[in-house]
Amino acid sequence: MGAGFNRDDTVKSYTAGFLDLVSRPRSNCSVFGLHKNGEVYIGRDYDWRAASEEISKQLSVQFTDRAYSFTALTDMGTWKMGAPGDQSSYVVVPEDAWNEHGLFVCINGAPGLSASTGMSCLHIVQAAIEQCKTTAEATEFITKVPCNDPKLFTVIDKSGDMAVIEKPAHKQAVVVRSDKQVIATNHFQSEELFADNTQIFENVPFHSTFGRYAYLEANLAQLDEPSIEKIRNIILRPPVIQDWRGTENGDTVTVWAEALELVGGEVEILLAPLKK
């Protein structure tokens with residue numbers, strides 16, 4: 001290949017990358033979209049290893065042709081508990097991203113530990129954000145592309161079209177859509193996949209996904225006049241914000257929090273909010 005990589009190794013990396021992680025606990029991420037008063041707000045907490053706090057970065061990727069420019073947040077591929085490891089092991093791939101056309105895409109962990117053949121969820125996020133302008137385009141792409149482990153993809157565009165794409169490892173993807181509000185934590189909402197939520201408690205008996213969902217739903221119901229400040233205040237409070245440090249606690253903390261408004265382009269990003 002042009003960059004000097006072996007073709008077979010590259011294809012294997014993209015179709016089976018991160019397969020060793022599917023047996024590990026899912027992240028506790030939360031996200032919501034709210035279309036109100038002609039504005040489209042997003043609140044997002046990304047929860048992962050404490051080691052990610054110090055090394056996570058905001059990226060700005062500019063293309064001149066053949067792809068859309070985007071902003072993204074990355075945990076640099078951190079997955080081990082404890083120290084972040086040597087810099088040679090870092091991987092710059094987006095967990096959250098929004099592009100020049102006002103399209104936002106992010107991932108959350110989902111029920112199930114089974115591996116499957118497919119692209120890494122991070123590569124799917126990047127491919128969608130580089131080539132799609134709207135929620136409809138991104139939803140069609142993400143639904144069709146196989147993912148190598150269970151994930152929830154949240155897709156929102158500046159028109160207020162919103163979708164949560166539920167992708168289990170060995171079943172058909174299901175899309176939950178709205179033009180008013182979406183919420184995603186770490187469980188399936190669709191009738192087709194709801195029974196699979198029992199797998200959550202096999203791995204983490206005290207999982208907070210339903211509590212976080214109910215908290216966000218209750219707060220959004222009371223939000224008559226949304227603003228970036230109000231969105232930020234919602235996502236920076238328990239039970240959404242996470243601070244479970246140490247191996248015995250699952251080593252899961254809120255690595256970053258973000259509040260966005262897609263129509264006007266206002267963005268507030270807090271890297272390592274628990275350290276502020």
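Helices (H or I, at least four residues) and strands (E, at least two) are DSSP runs, numbered from the N terminus. The structure is a predicted model, in which local features need pLDDT of at least 70, side-chain atom pairs count only at pLDDT 80 or more, and totals for chains, interfaces and linings use all residues. Residues are numbered from 1 along each chain as its sequence is written, and side-chain values use heavy atoms, with hydrogens and water left out.

**Confidence**

- The chain has a mean pLDDT (the predictor's confidence in each residue, from 0 to 100) of 90, and 89% of its residues reach 70 or more.
- Residues 9-25 have a pLDDT below 50, although this stretch has 34 contacts (heavy atoms within 4.5 Å) beyond near neighbours in sequence.
- Where pLDDT is low, the predicted coordinates should not be read in detail.

- Most residues other than glycine have a negative phi, and most peptide bonds are trans.
- Asn-37, in the loop between S1 and S2, has a positive phi near 55 degrees.
- With a relative accessible area of 51%, Asn-37 is exposed; exposed means over 50%, buried under 20%, and partly exposed in between (1.4 Å probe, protein chains only).
- Ala-272, in the segment after S13, also has a positive phi, near 50 degrees, but Ala-272 is buried, at a relative accessible area of 8%.
- The peptide bond from Pro-238 to Pro-239 is cis, with omega near 5 degrees; Pro-239 is placed in the loop between H6 and strand S11 (243-244).

- In helix H6 (residues 228-235), the buried residues are Ile-228, Ile-231, Ile-234 and Ile-235.
- These residues are on the same side of H6 because they cover an arc of only 125 degrees around the axis, the arc being that of the directions from the helix axis to the C-beta atoms.
- They pack against helix H5 (209-221) and strands S1 (30-36), S2 (39-48), S12 (252-261) and S13 (266-271).

- S12 and S13 run antiparallel and are joined by six bridges; two strands pair if DSSP finds at least two bridges between them.
- Glu-261 has Glu-266 of S13 as its bridge partner.
- Four residues lie between the strands of this hairpin, and Gly-265 takes a positive phi near 85 degrees.

**Surroundings of Ala-97**

- Ala-97 belongs to strand S5 (residues 96-99) and counts as buried, at 0% relative accessibility.
- Not counting residues up to four places away in sequence, Ala-97 touches Phe-70, Thr-71, Ala-72, Leu-103, Phe-104, Val-105, Val-125 and Ile-129.
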